[in-house]
Amino acid sequence: MNVKLYYSPLACSLADHIALLEAGMPFERVSVNLKTKQTASGGDFNDVTRKGYVPALVLDSGEVLTENIAVLDWLATEYPALGVPGNLGRTRVLEALAFISTEVHRSFKPMWHASSETQKAQARATISKLLDILSGDLAGDYLFGATPSVADFYLFVMLLWAERFDVSVPAPLVALRQRMANRPAVQQAMRHEGLITANDRQASTVA
């Protein structure tokens with residue numbers, strides 16, 4: 001199987017980028033400028049998905065998957081090591097993905113758009129409370145135990161955003177962020193997206 005990932009640096013699609021590398025799945029990367037909706041090769045991203053945002057994953061069949069929850073769930077289904085075993089394993093992962101997407105991710109909106117300092121301060125407080133909930137749910141080094149799942153990859157991106165926007169993060173999630181940052185697949189994805197330099201230092205600008 002060979003798929004094509006449409007991504008934008010430091011967008012939530014970084015989670016899918018990491019998951020593909022962790023799975024060892026062959027894939028093609030296509031960078032997207034989310035402001036112009038142009039791909040790195042000059043194509044119109046709206047021809048891939050009318051939603052106009054990443055991630056978009058094009059399968060061998062030509063079908064296009066969008067929405068982080070759906071893409072990450074598909075990857076965990078194809079590569080069970082990226083999921084959680086047990087009768088409720090998939091459900092628990094979807095539960096975590098939904099919380100990260102609908103609550104944590106959504107709460108960062110004031111940080112990425114023109115907002116007042118009061119709105120940004122309120123967003124920081126909200127995000128910190130949400131991260132406290134996830135911190136209390138840790139079942140080990142990661143959300144579900146000793147190994148990361150696709151939910152941890154999505155959470156990692158949110159923790160990078162928290163670091164970027166000076167959001168207070170509970171100590172257990174700071175440790176999780178560092179564990180994730182040390183993983184070879186994570187470093188490879190971040191280097192490719194220009195988020196860290198050759199010396200593994202996080203870049204100060206994002207395309």
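Let's start with a crossing: helix 3 and helix 5 cross in a left-handed way, meaning the near helix is turned anticlockwise from the far one by less than a right angle. Helices here are DSSP runs of H or I, at least four residues, and strands are E runs of at least two, numbered from the N terminus.

This is a predicted model, with local features needing pLDDT of at least 70 and side-chain atom pairs pLDDT 80 or more, while totals for chains, interfaces and linings use all residues. Numbering runs from 1 along each chain, and side-chain values use heavy atoms, without hydrogens or water.

Back to the pair. Helix 3 and helix 5 (residues 117-136) pack at about 150°, axes 8 Å apart. Axes are lines fitted to C-alpha atoms over the stretch in contact, with angles from 0 to 180 degrees between N-to-C directions. So helix 3 is roughly antiparallel to helix 5, the term for angles over 145 degrees. Contact means heavy atoms within 4.5 Å. Helix 3 contributes Phe 99, Ile 100, Glu 103, Val 104 and Ser 107. From helix 5, the residues include Ala 123, Ile 127 and Leu 131.

Next, helix 1. Of its 10 residues, 9 are buried, that is, under 20% relative accessible area with a 1.4 Å probe, protein chains only. Asp 16 and His 17 are among them. Their packing partners as a group include strand 2 (27-33), helix 2 and helix 8 (184-192). Just after helix 1, Gly 24 has a positive phi of about 75°.

Last, helix 2 (residues 68-78). Its buried residues include Asn 68, Asp 73 and Trp 74. Among the elements covering the buried residues are helix 1 (14-23), helix 3 (89-107) and helix 6 (150-164).

How values were computed:
Buried means under 20% relative accessible area, exposed over 50%, partly exposed in between (1.4 Å probe, protein chains only). Angles under 35 degrees count as roughly parallel, over 145 as roughly antiparallel, 65 to 115 as roughly perpendicular and the rest as oblique.
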